[in-house]
Structure formats: structure tokens, C-alpha cells
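Open your viewer and get ready to click along. We will go from one selection to the next, and at each stop you will hear what is there.

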Amino acid sequence: MLEIRAVNACYGKIQALWDVCLEVREAEIIALVGSNGAGKTTLLHIISGMLHPVSGSVTFLGRQIDNLPPHSIVELGISHVPEGGRVFPDMTARENLEMGAYPSRAWKHRVKTIEQVYQIFPRLKEREKQLARTLSGGEHQMLAIGRALMSKPKLCLFDEPSYGLAPLLVAEIFRTIQSLRDQGITVLLIEQNVRHTLEIADRAYVLENGRVCMEGDCAELLQSDHVKKAYLGL
Amino acid sequence: MLVTFLDIVIAGLLLGGLYALIAMGLSLQYGVARVLNISHGEFIMLGALTTWAFYTAFDINPLAALAICGPLAFILGFIIHRTLYKRLLNSSGSLALFEGNSMLASFGLMFIVQNLALMFWGPEIRGYSYLAFPVDLAGAVFGANRLVTLGFAILIGLTFYFFLTRTRIGKAIRAAAQDPAAAGIMGVDINNVLAICFGLGAAMAAIAGMLISMSYPVHTGMGLEYTIIAIIVVVLGGLGSIPGSFIGGLLLGLIGSIVTYFEPGLALAAYYVIFILLLLVKPTGLMGKS
């Protein structure tokens, strides 16, 4: 579904990704693991068109997308829950969801899709008229996820959706992400919570210093000495 | 005493409605498109002189000229953003650099537009008389054209508010103002939205110019003063806040009217004093966020 080949990316003169290759198949949950500054967020920015690679290619459903602007990539069916949620603070929760349905193919169905999102997150319905800036951390993150679902994506990118949340909420967010796969949405997930992530994901890539240093089935990675030592604290 | 008070308040609102309109246009250009558009006043001048020319040469009703000037200014603003500011944005590297570069470019644009207008219309002060009969408002007497100006400013303000809160493109504009990158990953074509904002700002300036020409004399050098007033109102209302610009405009009009009552020559000086005090005490403005 998504294929990243030998991508190099830079911020100014600093190279953030080195020859990164990654593949996501349909209806998989793929985890992207690594320490801070390893290049995980940069890779998501490359996929969603916020940053263009210096070399290498990104193909989605057979189409090369690495030169497209972000809004064209959303049209193709990739949506992105950015780091920290990035909801629009001075719009109501409902307006934020409407913004998620901005691509014309999704705009027509926005009223119905909003109801579906409210079924996943009933809290958002209670808060629909509130400005996003007044929501709690958990509601904020639910809104960001709900907003990403509004465009009816085929592939959804998550950048640390559980960051800073209480354990109960973290569990709820993880359950939601798992249920997305059951609805046929493919997921690429970045998380600090490595153990939990490897438990729900199918395969994972470990990024270190901008390079993919390990990849494989999550069950195998959980057994690897390197992963245990570096990311699970064992 | 009461009549005097009413006199001042209504005169202030009449002036303020105009300021509000001018400032809302600049607020779109600066708050969303990040262009501190020094040439804003030149679009006001173009609107004013075009309306004057239509009225005196072809006897076209100034209010009908709106239907021509508004869309033309929008197209002109849209094209200017697409050709000039979009390139600057791409080549500037950072938003801070772009704000500096785009302001300088708009300075240049101001001279170009002003001098072209000067070649075409000359430096004479022009005016015409339209709806100039007096209307009695609770003892205070005003020209009908001033009241029409206020009515239009409020109507356009409201229309614009509904446009921003109810329509798809209006929501995209607000989203882009709050977080352009996040708006992009929602599917908003950010360059297009910025050009639309710039065009809308130009259209609002031209409409304001048309209204100004109904009540005040106009000439090719009139723009800069309005640009400065617009900048003061935008800062007063809070950067990027459209309702703030509307309220700030009315407020500044009231202040201008009060000062004019005591000493007509000091209105502009009072605006500068307010501007300086504001920057020192509350730089985020009335409705701005830090």
C-alpha cells in the first residue's frame, strides 16, 4: 500500500533521514519505534507531504507522492494525527471535525461521518460546541484522532497519540487504534510506549539516528536483546 | 448636553464603521496571509477614485460601482498574491523573514500603484455629491451618505462573519490563520487560501474606498493615512482577530470623534498615542492571544 524507498531528508543542512526504506501493507498496524530525534516524526512529515525528501521515493497505492503538497495527499486517502494533536484552538470541537472532512469527497458526507466519530468518542458529542482550547488533554487527543478519521482515510498516521495522557486514556486510545484496523484502516503508529505498541502492532521498524536499524514482526522484536535493553528497560 | 453626547457617539460610529471595514481587510492580509500590506490604502484609493470616475463620467450610482470594484479588486489582489507574495513565501525560508520581505514588497507596490494612479488621474482633490441631504437622528444631524456608509460597514462586517463561520472556505481561512501546517494536512490548499485572503482584503479596501468617496474628498495620495489607521486598529483589536478588528475600528472611530470634538487637528495624533501606549501596555490587543 505504502512504499518508502531509500529516502534521505534534511532540515536545512542537517540530515534527518538516511536511506530509509519502509513498507506498509493493507490492514496492517505498523509501529515506528525509536528514541527522541531518531527521525520518526520526520518520516511521517515526508509521507504526508509536509517535507519533501532530498532523494528516494514514496509510493502510495502505486502512485508516486513524494512531490505532492499535503492537501493532494489527503485527497488520496492518507490522514495524519500530528504530534501534540494540533487541533484548531479557536474553533469548536465540531468545527474541528468538519475541517477534517475538508477534501471534497469527504465534505459531502461530513454530517454522517461526524455521527460515526461521536460513536467512537461519545465525549466529543458532549463537547461539540466548546472551543478546542478549552478541552482537556484526553479530549484534545480524541478530537485530533476523530478529525483525522473525518476524511475517510485508507491509511492513518499517528504521531504519539497517547503522549501525556493518563493510563486509562492511553488504553482507550490503543483500543481505538486497534478497532480502526478492523474497519479496514491501515495504521502507521509512532509511540513512546514501546511495549504497548509492539503488543498491538503487526510489524515494527526501529529507527536510530535517522536510519532503520531493525525491522520485523513485533513478537520477534519483543524477544530481541537490543529492543529489550534500549526500549523496554529490561 | 445629551444631544452633544449623542452627536459625538453617532459621529464616532460613522467614522468607526469605515475604520472597521478597512481594518478587517488588513486583518485578513496580515493575520492570515502574513503580509503587513503597506499598499492597503492604495486599494482604498483605487476604489475611491474608480467610483468617482464612474459617477462623474458615466453617472453610475456609487453603490452599484461596488459590484464592479469589489470583484475587480479581489481578482487583482488574488493575482498579486499568486505572482508576488507566493514566490516570496517560498524563497523566504521562514515566516519571520517572509513578514519582513513581504512588507518591503508591499512598500514597493504602494509606490507603483500610487504613481500609476497619479499618471492617470493627476494630483487634484476630487469629490462628488451623492445622498448628501441631512437626516435628523434624535436631534443630531448627519448626511444620509454617512448613514449609508455605516449601514454598509455593518452589513459587510456581518456578511463576512457568516462567510467565515458558516462556509467551507471560510472555515478553511480560520483554520489556516490558527495553524497553517495543520490546515494543510486537513486538505486545505494553503497557497490558494492565502491568495483568497489577500484578494478579499483588497476587495474590502476597495469597498471602503467607494464608501469614503461618498462622504469625503478623494485624491491619489489619500491611501497612506488609511493604511496607518488600519494598522493601528488591527493592533488595537488583536492581531489576526477579525471580530477584534471590527470592534477596534468602532472604538477608534469613537475616540477620534471625541478628540475631534475638543480639538479637530489632534485626532491622528491621538491614534498614535493610543498605538504607542498599546504596544507598551497590551501588545496583544483587545481580543488577541499571546
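This is a predicted model: local features need pLDDT of at least 70, side-chain atom pairs count only at pLDDT 80 or more; totals for chains, interfaces and linings use all residues.

Select Leu72(B): it has 16 C-beta neighbours inside 10 Å, so Leu72(B) counts as partly exposed. The scale behind that word is this: a residue is buried if 20 or more other C-beta atoms lie within 10 Å of its own, exposed if 12 or fewer, and partly exposed in between, with C-beta atoms placed from the backbone. Leu72(B) sits in helix H3 (residues 62-92) of chain B; helices (H or I, at least four residues) and strands (E, at least two) are DSSP runs, numbered from the N terminus.

Residues are numbered from 1 along each chain as its sequence is written, and chains are lettered from A and ligands numbered from 1 in the order in which they are written.

**Where the chains meet**

Show both chains. Here 15 residues of chain B are in contact with 21 residues of chain A, contact meaning that the C-beta atoms of two residues, placed from the backbone, lie within 7 Å. Which helix gives the most to the side of chain B that touches chain A? That is H6(B), with six residues. Helix H6 (168-178) and helix H7 (180-185) of chain B each supply at least two residues of this side.

**The six-stranded sheet**

Move to chain A and colour the strands in the order E6-E7-E8-E3-E9-E10: these six form an open sheet with mixed pairing. Two strands pair if DSSP finds at least two bridges between them. At the edges you find E6 and strand E10 (211-217) of chain A, each pairing on one side only.

Next, select strand E7 (residues 155-159) of chain A. Five of its five residues are buried, so E7(A) is largely enclosed by the rest of the structure. One side carries Leu155(A), Leu157(A) and Asp159(A), the other Cys156(A) and Phe158(A).

Look at the partners of E7(A). Strand E6 (residues 78-81) of chain A pairs with E7(A) in the parallel sense over four bridges; Val81(A) stands opposite Phe158(A), and His80(A) has Leu157(A) as its bridge partner. Strand E8 (residues 186-190) of chain A also runs parallel to E7(A), joined by five bridges, and there Leu157(A) is partnered by Leu188(A).

Together, E7(A), H8(A) and E8(A) make a right-handed β-α-β unit: with the strands pointing away from you, the path from the first strand over the helix to the second runs clockwise.

**The four-stranded sheet**

Now colour E2-E1-E4-E5 of chain A, an open sheet of four strands in that order with antiparallel pairing. Strand E2 (14-24) and strand E5 (63-64) of chain A stand at the edges with a single partner strand each, so one side of each is left without a neighbour in the sheet. Seven bridges join strand E1 (residues 2-11) of chain A to E2(A), and Glu3(A) stands opposite Glu23(A).

**Two domains**

For the last stop, colour chain A by domain: domain 1 is 1-77 + 154-162 + 180-234 and domain 2 is 86-152, bounds that come from an automatic or database domain assignment. Their centres, taken over C-alpha atoms, are 25 Å apart. Four residues of domain 1 are in contact with five residues of domain 2.
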